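I want to know what lines them and where they sit.

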Amino acid sequence: MIPMVDLKKQYHNLKNEIDAAISDVLEQTRFILGPNVSALEEEIAAYHDLSHAVGVANGTDALLLALRAFGIGAGDEVITTPFTFIATAEVIALLGATPVFVDICPETFNLDCSRIAEKITTKTKAIIPVHLFGHPAEMAPIMEIAGKYNIKVIEDCAQAFGAKYNGRKVGTIGDVGCFSFFPSKNLAGYGDGGMVITNNEEIAGQIKILRNHGSAKRYYHQAIGYNSRLDEIQAAIIRVKLKKIDQFNEARRKNAAFYCAAIKSKDIILPTTVSDCEHVYHQFTIRAKNRDVLAGALQKKDIASAVYYPVPLHQQEVFLNLYNVSVKLPQCEKCAQEVLSLPMFPELSREEIIFISDVINHAS
Ligand SMILES: *Cc1c(COP(=O)(O)O)cnc(C)c1O
């Protein structure tokens with residue numbers, strides 16, 4: 001069996017360090033906002049060369065608290081991509097604002113920046129680009145539009161820790177960057193976790209207050225907040241893996257190159273990296289007209305594959321019911337029919353990649 005991600009292999013490689021980090025937390029018994037959370041915040045801020053990082057309970061809350069900190073709420077509009085995990089748009093709706101979906105570029109699966117300006121209204125308060133599958137969104141035109149219309153940019157970096165756009169790490173280009181440490185992400189814990197990074201001191205302070213029941217000083221509350229703190233045990237685990245993240249991402253890029261060399265079928269569109277971008281291959285996602293046939297052939301050989309995402313957000317029942325609008329976003333809809341993600345993780349072997357690619361070459 002070849003799974004989409006093999007978390008066990010990675011754990012066994014790091015077992016001594018991770019077990020020691022966990023048992024250290026148990027011995028210290030500072031379980032809530034303890035020393036590992038602050039150390040991880042400092043390390044992640046330093047990794048990004050930014051002044052602030054705030055740990056939160058998960059990636060969804062990272063986005064939610066960032067939007068709240070910018071005062072986004074009822075009546076506002078936020079532009080984002082329909083080709084992403086629901087969380088990206090869910091947080092917009094949770095705050096009473098409206099997600100406005102813009103079509104994607106099929107080459108990168110990210111926002112088509114040439115279509116953003118036409119969706120801007122007086123209600124537009126923010127853009128949430130997603131660096132989907134680990135490929136950076138086209139940040140230069142997004143920042144230009146945001147500057148022109150004075151709107152905020154909240155980067156959804158949940159799938160792209162360490163990816164680079166024009167030499168700059170994702171999450172450092174917009175007003176804030178939001179990360180998830182869900183177990184299957186490139187940098188991950190063994191449970192839920194998230195973080196917001198920014199150079200904006202006021203916004204970082206707001207998010208710190210919001211994550212802890214609207215309180216800066218214990219039992220004094222200045223806002224209606226959340227219980228959304230990053231867990232100390234998760235922070236200790238993530239600190240171990242942070243030391244290896246560049247190696248892990250490099251191994252993913254190598255694996256992607258092996259796949260691209262081994263998949264020969266002309267009917268398959270391989271993932272590409274736009275020049276001046278550094279992909280981190282959270283997913284290795286191909287496109288094929290007969291992707292269901294491919295998925296079936298892989299399954300027969302005990303190889304996992306997955307469709308991210310089968311239903312674009314603008315076609316999700318929840319948003320159709322909420323907003324009663326039907327938009328056509330043809331590129332996104334086509335990708336939803338054709339995408340197939342293959343097993344991808346740093347420890348995947350060259351032999352496994354050749355085996356998977358052979359099955360694909362024979363089935364297509
Ligand atoms: C995983 C993910 C999230 C949400 O992160 P959680 O930690 O699961 O809440 C948000 N956006 C994208 C693009 C994701 O992949």
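Entry 1, the largest pocket. I am working with a predicted model. I looked up where its largest pocket sits: domain 1 (7–102 + 109–242) and domain 2 (245–363) both contribute residues to the lining, so the pocket lies between them. I noted a volume of about 450 Å³ for this pocket. Its lining has 25 residues, and nearest the centre I find Phe85, Gln159, Phe182, Ser184 and Lys185.

Which helix gives the most to this lining? I get helix 3, with three residues. Helix 3 (59–69) and helix 4 (87–94) each supply at least two. Sorting the pocket lining by class, I have eleven nonpolar, ten polar and four charged residues.

How many cavities of 30 Å³ or more does the structure hold? I find two. The largest cavity comes to about 90 Å³. I count 15 residues around it, with Val5, Leu7, Gln10, Lys185 and Arg252 closest to the centre. The classes here are seven nonpolar, three polar and five charged. Each of domain 1 and domain 2 provides at least three residues of this lining.

Of its 13 lining residues, I wrote down Phe109, Phe133, His135, Pro271 and His279 as the closest to the centre. By class I see six nonpolar, six polar and one charged. Why does this cavity lie between domain 1 and domain 2? Because both domains give residues to its lining.

Terms used
Residues numbered from 1 in each chain as written. Predicted model: local features only at pLDDT ≥ 70, side-chain atom pairs only at ≥ 80, totals over all residues. Heavy atoms only, no water. 1 Å grid on protein atoms, 1.4 Å probe; cavity = no way out; pocket = protein on both sides within 12 Å on 5 of 7 lines; lining within 4 Å. Points joined across faces, edges and corners; volume = space filled by probe spheres on them. Nonpolar A, V, L, I, M, F, W, Y, C, P; charged D, E, K, R; others polar. Domains from an automatic or database assignment. Helix = DSSP H or I, 4+ residues; strand = E, 2+ residues; numbered from the N terminus.
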